[in-house]
Every structure is written in structure tokens, then in C-alpha cells.
Amino acid sequence: MIYDICIIGAGVIGTSIAREASKYDFKVLLLEKELDVAEGISKANSGVLHAGFNVKTGSLKAKFNVEGLSFFPTICEELDVPYRLCKKLVVAKDDKELIHLEKLYRQGIQNGCKGLSIINREKIKKLEPFVEGKYALYSRKTAIISPYEFTIALAENALANGVAIFLDNEVTGIIKEKDNNFKILINKGRSFKSKIVINAGGLFSDSIFSLVEDHNYNIYPCRGEYYILDTAASRYLNMAVYPVPPIGGSGLGVHLTPTINGNILIGPSADYINDKTDLSNTKGVMDILKKEAYDLLPQLKNIPFIKNYSGIRPKLFNDKSGISFCDFIIEESKKTKNFINLIGIESPGLTSAPAIAKYVLENIIGENHNLIKKKEFKIYRKGIKRTRFLRKNEIEYLYNKDNDFGEIICRCEQVTKAEILKAVNNPLKSLTLNSIKKRTHAMMGRCQGGFCIPRISQILTEEKKIQPDKIFKSNKNSMVYRGYED
Amino acid sequence: MKKIDAAIIGAGPAGMAAAVWLKEKGIDNFILFERNNRLGGILNQCIHSGFGIDYYNEELTGPQYAVRMQQRLLDLNINYMLGANVIDLNRNKELTVSSSKNGIEVYKAGSVIITTGCRERTRENLEIPGTRPAGVFTAGSAQELINILNYKIGNKVIIQGSGDIGLIMARRLSIEGYEVVKLFERLPYLSGLIRNKVQCLDDFNIPIQFNTQISGISGKDRVEGVYTKESGKDKFYKCDTVLFSVGLIPEVEIGKKAGIILSNNFNPDVNSKFETNIKGIFIAGNSLHIHDLADNASIEGEKVADYVFDYLDNEKKFRKNIENIAPYNSHEIDEKYNDDFFKNLKDGMVCIVCPKGCIINKNNFGCKRGEVFFKKEKMHKLRRLTTTVFCEYNGVIKRIPVISGEEINIKEISKIKEKLKNIKKIDSKSFSINHNKKEIVFYTV
């Protein structure tokens, strides 16, 4: 079988393109090396849908950011993904920083952002009584989603529309054959054939491209560390609150972001590291994060921590000159026809994803291929109902159909057995503890799974008829239970 | 909406004792809600002995203690509901209960006793840097996984924290054949009971290192080791599993929904009659403050049941003589059990007969039982063995907690453990194995 389109990498970009491609009459394949989708950059970021004032006018980032943002309310509704228009403040401490706010404001207007204004201390206090600042850029269009829930939803909808999704399939080689098709080699010795290959390899998009040709793109991992605060913090904060971005820095500065789940994130830091898989948290950075967050919102000092995590930005540099590209690379390779690269998709990659996907289909693939819309495209996808956010009568309604909605497994996040079972039997067939966590929020609360991991493990072994040593935390080597070897 | 006089949330040692006492006082119309599918709470996974010395005047294992209370509950015909999570509570003492049996139910209670116990502090609470691999457990989780679910959690273990659960788990893991490399304690002194250091660490030659906290966790997928800072330098210890036993936090999330006030973010504020800022909502046991012994949680549960009876009987009278001070002393750790103390023990030994932990020597045995212990201990280390047997019991194959009827030389434990592996079925409260031409009797609950 020859696929029309093979997408490498099931992050938010790969899955967005997969869903977009599944609207047309193509045979689509999505390959992912990890045991679930959204296991790289798309798992660990702030989850902010940016308005688009932070990016340079005229860049692809600006174009796709502003366009992408406008798609979200509809897509989230179609895919049953929680979306919250939380709004955002970029806070200036003094008059000097006000100049930067004005610059951002102008840039935003030029980029076509809506809902921007600069406000003074009184207005800040009105909007966010606990936030300290003299002026702020107020963005009414900034929103939040859960980036991994969004990615999962895209993948599930793509799957329902006929996309073949293979997890745990790492691409090790790509050969352009005489018939002009690509042969994609997989670590397990198998291979696939496709007419078009789309490189959405995220942090590894440079190495994926190297499998096809020599190039100057080089992804440098830039790690961002985070703290997640207890939901008790949400009483002090409604919006995302950012400082004025550090000049010459690699990120937007340590900020406070509410999450869909009701927690507050502190972070991210920005540090270039050598290893694309090093998701450590470091003492020095953790101390800085706390200090900067407490400067923005002193009340947070009393809030307990839930956990730390890190994500990695795929910073794109020219290998020879060492200069940053500063923009997304979204194009067909000039040398290798039908090989489409998406390299350096860092922030605002999440916000841009829907617009990028549309562009890849309509403007790159559509250039040389006929785009025939499928008649039977399923627009809607249903997520797992979270009883925690339902009213009593809604839970009763669910319970009457399925008694497992009455049995609570994760007490901290109020996740029922029905929700866990739906996650265990997810359509992508991802079977790790993290895949259950990402789909239900079980294990994400105050006890961090202390009470529910034993019960979830038990459900997993019973439902899937597997032994405990086949339970993984996230990837193939992360056995939760060891000692079965001898 | 069903009306009840009292709702007790949580059937652990405090909740069950409160239920028994309330019933004995003559209150009938109340329900004991338990989220798990059996009574007893955490007692069920605490298969070691050391329970009941104060409350029952007899040393029992956790499951034995639970069963004894459960029996009392049944004898008194107390209403209880298993698999029932109280998911909401408001100021009017209306409880929303979720269960797979009845779905969502709402009760209006005249009074509420919160006995929801506690949760463990996590690695995340300590903000320990490093990676986040599989193989990091809290000690209590590990206890449930091993003692109840029959899972193996690793091979080579490092434990952080010398609280009682950490110490108990060090022994438990050793008995189960794990290699316990070391136990670290951040403080310069022991935080659990001294008798537990003797019978859990010393008996199994597990070293304890004070003034040490894990400063980093290493391993991308599964734990590969931990870092500590020792005299300013990074030191690496290889292991594939890390257990954290670094303190307990009262779990009163349900009380918080009703609006109860917590001081310092963790401990609920109560008046001298265990009542919270919301009239008619009371708290007892580990959800109020952390107790060193389950017995004390039960005793507190009874005390609170007394006050709840008064409250229901005549609130005006109940309101008299209430003070705004906590009705308990928080458990304070004896700071004397540090490195110097253990070095200076030499001829003396710690008596482990009761939780007091007297230091005894040939001139001073502390008490009669201490004398017996001293003389025996000089010859052999004899202990009653608590462990589990995986076999058929009442028609179900599961882990059964067992305790040996007599004391066993600790050198024989691994051989006896092997013999216990051969047991396929237990069909009464006791069974015996043959060891060194002798019958050793084991009891279940």
C-alpha cells in the first residue's frame, strides 16, 4: 500500500496536519516514536493561545499566530476540548518598561491583533487585585487550552477520519525510490511507502530532514522549567500575567498562567542545554522561578506546590553561521520534491497549529496535488466527560447509564472509574500511566497519584489482561513496577 | 434528601471508633461513609504489629485491629456505606455522596465528623530537582502495592525519611527480598519511634544516615540513582527505586469545600471540643493532626463522638465551656536519637517491647517485660514475623497478612519466607509450617 501523505511526529503540528489532511481524499499515515501522541514539546508548555503581539511583523510566526488564534473557538468546540478565554496582562513595573509595552502594542496592531490596550495601575487592580505593576498591556483575546488534550483530540478525530496512526514507530531512514515514492524505514524493521512526507518531528525535525538530505538547520534545545501550584492559587489570579519580555532573552519571561484544570503555572525559564531529552528540573532555576513569580504576585508564597516539570523549545539555528532563524520553516524542500519540512516550530506554535495545517494542505500540497474534499468527513469528536466539572444531575444522568460514574478512583481530581476505563480504552490504544493522566487528569492532584496509582494499575492489568511489569509511566523503558526480571 | 443525625466521613481508626461510641451513647440515625471497598482505611495495608497496645491492651497487626473494630461495628448494627465518596459538603451540612452502588445521593446531617485521615508528602512537595522517572514512590503507596496488590516495585531501594512508615517499609522490603541500600534522614535525629529503628533497620543491617536529603533524582525513564549533598559535595547512590517517607498532611479537602479554616495551610482550626469554625462540623484523627499511633486516633475519635452527642443532645449546653484552643498536643519528635546517642549505646540496648523505647542494660531493665527481653536479646534476636502470603483465602486468591504465633530468630526469616511461598490455600484463621522439625503457627486476622 502506498500512502499519499506520511506525517512524522504526532505533536500538535503533526496531528493538526493529519486532521486537516483527513478532510481530503488522501491516504494518510501518522508515525510517532513515543507510546502516545503529545509526548514532546506539545506535552510541556504553557498552553497559552497567544494574541500575536510578541512576534515580528511580517514573519510566518505573526501570520500563523493571528490566523491560528481565530480558529480555536470553533475547533475546540468541534473536538470537545476545553477552551478558556482567560485574557492576559503584560505588566510593566515602571515608566522605562512602559516603552516596551508600547512597542509590543504597536507590533500587535501591525500584526492584526484585536482587543489590545494599555492600562494603568488602577485598571490593573480592578482586573487582577493581587498583581503588582504600574502599567500593563491588556490582551482580551489571549486564551488557554490543555495542549496535550488538544493534540489527543486532533489525533482521535484524524483516526476517526481514516488516518492510520502508529505509535511506538520511530523513523530511522527515508529513501526516495525510483518511482519517486518515499520508503520510510522504522526501527522495528518494517517500512512504509508514501508519495509525500511531512516532517513534523519537533525537536528532532533537523535529524529527520538529515535522513533525506544535507542541510544547515540545527535545532538547539532550550529548556523551560515550570512549577505547578495548587488550585488554591486560582483565587489570586484569573488571567495569564507576564512581565515585559527580557531583552535578548530566549523566551517571554517567567510568567503566571492559569491552566484549564484550575492550577497556576510558574515559568518557563529559558536555558540552552545539550540534550534534547533532558527534562530535568534544576535547583538554581527553581529558586529563580519562585522569586520572579513572587515578585509578580506576592500572595503565591503561601500556596503549596503540586509539582515541577520541564519542556523544551526547538530553537532553530543555522548550523554554519550559528545565527538564529527567528522564524518557522514551513516549506517543501527545494532539493527533495514532496518532502515538506516544519522546522523550528516553537512558540507560538500551539496557537499557529491550525493555520499551519491549513497552509500545508492548501498552499503546499495543494500546489501540485488535487485537493478533493471528502463528503463523509466527521467534524466532531467527543472527549472523556469529566465528572468533576459536571453538576449533580449531569453525573446522575451518566451514572444511570454506567454505574462506574459513581466510583471515584482519583480522589484529588475527582476522576471516576468510568473516566479511567474510557482512557484505558482510548482509540489511539496508548497504554501508559501518562496516557491515562493526560486524558483524565487522574494522578495530577495533591497526592500525585499516591492513592490512585495502585488502583489505576489494577484497573489496567484487569482490563487489558497484562502483568504489572507491562505498566509504563511514559515510554518503553519507564517500567513502573520492577523486580519481575528474574 | 435523606436526613441523618450524624455523618462520619472515613472508616479508619478514628472514624470507626467515633461510630462505635456514638452508637453506644444512643445515637442511631447516622452513617459511616467509607470511600474504599472495605472498612479500616490504611490499617489494612499496615500488616506489621504495634497496634492496639493502648486501645485494646494487646499488640495487634493493622488488619487485626481493623477487623476487631469492624466486628464491634457489626455487633452494634452500625450503618455504614462502602465505596462511598463524599464529593461535596456545604455549610448546611449537606453531603453529596457518590458511589457505584447508589450513584449520587444527598444527605442532610445534623452533625458531621470528618475522619478522612491524611496523605503523604510527595517528592514534589519537597521540590527535589532532577528528572521524573518511574520508580519514585511514597512509602505508603509502596506499602499498598506490595502488601495488598502483590506487586513488585523494584530491586534496589533508597528511602528518604526516618518516619515510622519509612522504617516499617525498610523492613518490609528486606523481608520481601529487596536490597535496601540506605535510609536518609534530613534531620540530625530519628523522626520515627526508636523501637522501629531497632526492629526495622538494625535487624536487617540497613544503614541510616542523618543530615542528608536527596538533592537530585537521576534516570530519564526509570530511576538510576539519587544525588545527595555531603560536606558540600555531590554524592551519587545507585538504585532503581526511591521511597519517600517525609511526613503526612491532614487531608481535609472535603472540609475545605464547606469552608472550614486551616491554619498554616494544613491543620484545621478547631475549638476545645474539636468543632471547626462551622457549627456542627467536627474533625478527629489524622485529618486533624498527625498521630504517632493509630490507637490515639481511635481515642480521639471517641472523644469527638462524646462532643457530637452533647451537640446533638443540647446545643446550648454544648456551647458552654468552649475554649478557642486546640484540644490536642501535636506530636513532638524526641530530638535525642541522633548519631551520638546510637554511638553511646554500647552496653545498653533499646527495649522494643512497647512503643516507649526504654534504654535498658544489665543494671536497669526498665520493667519486668524489659528484663525478659534483655536476656533473650543477648542470645538471639527473636521477633514475631509479620508478612503476607499470596494464596487462596475464602475462595479468593490474594495477599493475606499473617503474623507468626511465636517469635522467630531473624536469621531464619528468609528460609521461612521461602516456605510460606509454598502455601496454596488458607482456610482458617491459622495455619502452620514445618521449620527445623518444629511447627510454626501463623495467624491471619
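A residue is taken as buried if 20 or more other C-beta atoms lie within 10 Å of its own, with C-beta atoms placed from the backbone. By this criterion, buried residues make up 47% of the 445 residues in chain B of the predicted model.

The overall dimensions of chain B were examined next. The C-alpha trace spans about 60 × 55 × 50 Å along the principal axes of chain B. Of the contacts in chain B with a separation of 6 or more, 64% involve residues 24 or more positions apart. The secondary structure of chain B consists of eleven helices and 28 strands.

Within chain B, helix α3 (residues 139-147) and helix α4 (residues 164-175) have axes that come within 9 Å and cross at roughly 35 degrees. The crossing of α3(B) past α4(B) is left-handed. On α3(B), the contact involves B:Ala139, B:Gly140, B:Ala142, B:Gln143 and B:Ile146, and on α4(B) it involves B:Ile165, B:Gly166, B:Met169 and B:Arg172.

In chain A, an open sheet is formed by three strands in the order β3-β8-β4, with antiparallel pairing. Strands β3 (48-49) and β4 (83-84) of chain A are at the edges, each pairing on one side only. Strand β8 (residues 143-145) of chain A runs antiparallel to β3(A) and is joined to it by two bridges. A:Ala143 in β8(A) is the bridge partner of A:Leu49.

Technical notes: Residues are numbered from 1 along each chain as its sequence is written. Chains are lettered from A and ligands numbered from 1 in the order in which they are written. This is a predicted model: local features need pLDDT of at least 70, side-chain atom pairs count only at pLDDT 80 or more; totals for chains, interfaces and linings use all residues. Axes are lines fitted to C-alpha atoms, for helices over the stretch in contact, and angles run from 0 to 180 degrees between N-to-C directions. Helices (H or I, at least four residues) and strands (E, at least two) are DSSP runs, numbered from the N terminus. A crossing is left-handed if the near helix is turned anticlockwise from the far one by less than a right angle, and right-handed if clockwise. Two residues are in contact if their C-beta atoms, placed from the backbone, lie within 7 Å. Two strands pair if DSSP finds at least two bridges between them. A residue is buried if 20 or more other C-beta atoms lie within 10 Å of its own, exposed if 12 or fewer, and partly exposed in between; C-beta atoms are placed from the backbone.
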